[in-house]
Amino acid sequence: MFNPNSYLKLLKSQLQNPKFYSPISHIHNRTSRNPPINNPAIQFILNEAEEFQSSKTQFASPDQKQKDELLPHKENRDLSSTQISHPWREWVDLMERLLKDGYFDEIGNPFTNNGELGSKEANLIRTASLNFSRDHYQLIRHFSRKDIMVIAGPGCPSTDRKVVNSGKRLRAHLGIDEGNVCSSCVLRGDCDRAYVKARVDEGLRTVDVMRFLLTYGLDPIIGSVENKPCLNKRVKESVRTLLKQMVGIRVEGHDSKPLKVKTRELTPENDVDQERSRIDVPMKQDASSLISPEMSSA
C-alpha cells in the first residue's frame, strides 16, 4: 500500500543527497545539518509534497471523524459500565436520566458496586432525584391527576415527616378529606402528623410527587414502604406511570439545554422544604379520571 509519509522521506533524502556526479559545493552547505536546496525545481516539489501532507493532517477523513465522535466526551456520559437493577423499567429510565444530566456527578455514582445497593446508595438516589424535581418544578402541571389520586388517596407510604407532608399537600390539592384518610391508615398510631391538615397557603410541587415515587421505587432496595396495604397492583401501576411522565415529559423552554446542576445535600437540618417555588395550578386532566365532581371543584 502506498505510504505518502515514507515516500516523502525517501524523496527528501534522495533530493538532498543526490547520487549524481556534480560539485558537492553546488548542493550542500557543510555547516548546516539540513542544508537548503538551491535547485528551484527540486525545492518546489518538496514544498508541494509538504503542503499536501499538511492538508491531509488538517482535514481528517470521514472515517476518522466518525471514530472520533465515538470517543466518550464529558457532556455525553458513557453509561455502558453502569449497572442499574430494578423491577421497573421506568425507574431505570429515571436513574439513567439523572446520570446523563449529571445529578450524581458531585455526590457520587451509586451504581458502581456491581449493582448492589444499600442505604448509602439509596440516600444518593434520593438526593439526586429530589434535586431533579426541584429543578423541574414545572412538571407538576403535566402529571396525570388520576394517577396522583391513586397513589395519594390510600394514605402515606411511610411515616417519614417529609413524605407525610407531601402526601397531605397532594390530598389537599385533590380535595381528598385528610381525616378520612388518616382514620383508615395503619400508620396513624406511629405518625406524629396524623389528622393534621396541610396549610392553605401551601401549593403543590413536583417534589411532593417525587417523594412518593422515591418511597415506592426504593422499596425493593431498602424496604422503604411501611404502609404495606399501599403495595397493591393499582398503586404500583400509577407509580410507574408517573415515573414515566417524570422522565418523558419535555416542557418547552426548560429542556432545550442541559441544566446547571447545583448539588443540594439533603439532611434533617438543611432540607426544611428548600423549594419555595410552589405553584398551585390545575394538573393534567384524564379522560378516565376517577375524581368525583366535588373533588374536581376543590
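Mentor: Let's take a few residues in turn and set their values against the definitions. This is a predicted model, in which local features need pLDDT of at least 70 and side-chain atom pairs count only at pLDDT 80 or more, while totals for chains, interfaces and linings use all residues. Residues are numbered from 1 along each chain as its sequence is written, and side-chain values use heavy atoms, with hydrogens and water left out.

Trainee: Why is A122 called buried?

Mentor: Buried means under 20% relative accessible area, exposed over 50%, and partly exposed in between (1.4 Å probe, protein chains only). A122 has 1% relative accessibility, so A122 counts as buried. A122 sits in helix 5, residues 119-135; helices are DSSP runs of H or I with at least four residues, numbered from the N terminus.

Trainee: What is A122 in contact with, leaving aside its neighbours within four places in sequence?

Mentor: Contact means heavy atoms within 4.5 Å, and A122 has such contacts with L218 and I222. A122 and L218 are 96 residues apart in sequence, yet their C-alpha atoms are 7.0 Å apart in space.

Trainee: Why is Y195 called partly exposed?

Mentor: Its relative accessibility is 46%, so Y195 counts as partly exposed. Y195 belongs to the loop between helix 8 (178-183) and helix 9 (206-217).

Trainee: What makes the link between the side chains of N165 and R193 a polar contact?

Mentor: A polar contact is a pair of N or O atoms within 3.5 Å; within protein, one must be able to donate a hydrogen and the other to accept it, and residues adjacent in sequence count only if both atoms are side-chain atoms. The side chains of N165 and R193 are joined by one of 2.9 Å.

Conventions. Helix = DSSP H or I, 4+ residues; strand = E, 2+ residues; numbered from the N terminus.
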